[in-house]
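Here are my notes on the model, as numbered points. Please keep the structure open beside them.

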Amino acid sequence: MVWPGVIFMIVFNFIPLYGIIIAFKDYSVLDTIANAEWVGLQYFREFFSDSMFWTVIKNTLGISFLKLLFGFPAAILLAILINEIVNVRLKKIVQTVSYLPHFLSWVILGGMFISWLSETGLINNLLLDSNLIKEPIRFLTDPSKYWAIAVISDIWKEVGWNTILYIAAMTGINPALYEAAKIDGASKWKQIIHVTIPSIRHIIALTFVLSVGGLLGSNLDQTLVLQNPINYQTSEVINSFVYKMGIQQGDFSYATAIGLFVSVISLILVVGSHLLTKKISDTSVF
């Protein structure tokens, strides 16, 4: 039963690694990878000296850090709240509703957000009707608001799905621990602090390490849907930059060099966050 997965990994994850060498070659579609001329670190130097380098790095780290800062604890909090629902039917309904946005593509959600956030959209109409604003807010055409839109929309889409691991871990907590806490006079809040959270700390550490490793991997689909020429300076991230360089402009060597740079930094972040969590909480992921 394992072999199909192993074969899939070999064909689509390991064999394509050979193509990484084009980051060090002057490759074009008119030539083969083996025959392309070696250029060393030329494309890495070009990326570091590119006028967009600091822009895409700042946007990528800024948006990803905010998603981690607010989205990571939001998933834990929502999982705890769902776990505390006594009514089984209500719990299933809440879980289903929170999961649903994850299964909608960014093409659909992007269209919804563009419609809601337009000057004549739902959000502006509600704010105007409530007398909270006197004129429509330019959400999508104001570059300073893009980060907030990207973070809020991503959390809304993924927070329910991200609770699955936590809820699964909570179902394995021994009920006797809660009974002992109640006998000791622990309130519901103290039960969560001293029983629930410590019991799922391994899952929290795992998801934290994976989330930190993805700091440079901003959501490409979200960016392409919500980006426009006006908010370009605050919405352009590494993934969208690589997409435009490689797919749209056909500069495959340059795009591969950027992708390899991101992969190396992501590996360093994963190892570093693992060592940090192990030192702080004595919890080892691998």
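1. Overall burial. Of the 286 residues of the protein, 36% count as buried, meaning under 20% relative accessible area with a 1.4 Å probe and protein chains only; exposed is over 50%, and partly exposed lies in between. The model is predicted: local features need pLDDT of at least 70, side-chain atom pairs count only at pLDDT 80 or more, and totals for chains, interfaces and linings use all residues. Residues are numbered from 1 along each chain as its sequence is written, and side-chain values use heavy atoms, with hydrogens and water left out.

2. Fold content. The protein has 15 helices and 2 strands. These are DSSP runs numbered from the N terminus: H or I with at least four residues for helices, E with at least two for strands. The C-alpha trace spans about 75 × 55 × 35 Å along its principal axes. Take the contacts with a separation of 6 or more: 62% of them join residues 24 or more positions apart. Contact means heavy atoms within 4.5 Å.

3. Helix α3 against helix α8. Two packed helices are described by the angle between their axes and the distance between the axes. Here α3 (residues 53-83) and α8 (residues 164-171) pack at about 40 degrees, with axes 9 Å apart. Axes are lines fitted to C-alpha atoms, for helices over the stretch in contact; angles run from 0 to 180 degrees between N-to-C directions. The pair is therefore oblique. Under 35 degrees counts as roughly parallel, over 145 as roughly antiparallel, 65 to 115 as roughly perpendicular, and the rest as oblique.

4. By class, the contact of α3 with α8 has 9 nonpolar, 1 polar and no charged residues. Nonpolar covers Ala, Val, Leu, Ile, Met, Phe, Trp, Tyr, Cys and Pro; charged covers Asp, Glu, Lys and Arg; the others, Gly among them, are polar.

5. Helix α5 against helix α7. The axes of α5 and α7 (residues 146-158) come within 12 Å and cross at roughly 130 degrees. That makes α5 oblique to α7. The crossing is right-handed. W106, L109, M112, F113 and L117 of α5 meet I149, S153, D154, W156 and K157 of α7. The contact of α5 with α7 divides into 7 nonpolar, 1 polar and 2 charged residues.

6. S115. This residue sits in α5 (residues 106-117). S115 is partly exposed, at 43% relative accessibility. Leaving out residues up to four places away in sequence, S115 touches G121 and L122.

7. Backbone check at N131. Most residues other than glycine have a negative phi. N131 is not a glycine, yet has a positive phi of about 60 degrees. N131 lies in the loop between α6 (122-129) and α7. At 67% relative accessibility, N131 is exposed.

8. V39. Buried or exposed? V39 counts as buried, at 18% relative accessibility. V39 is in the loop between β2 (37-38) and α2 (42-49). Beyond four places in sequence, V39 touches F24, K25 and D26.

Note on methods
Left-handed = near helix turned anticlockwise from the far one by under 90°.
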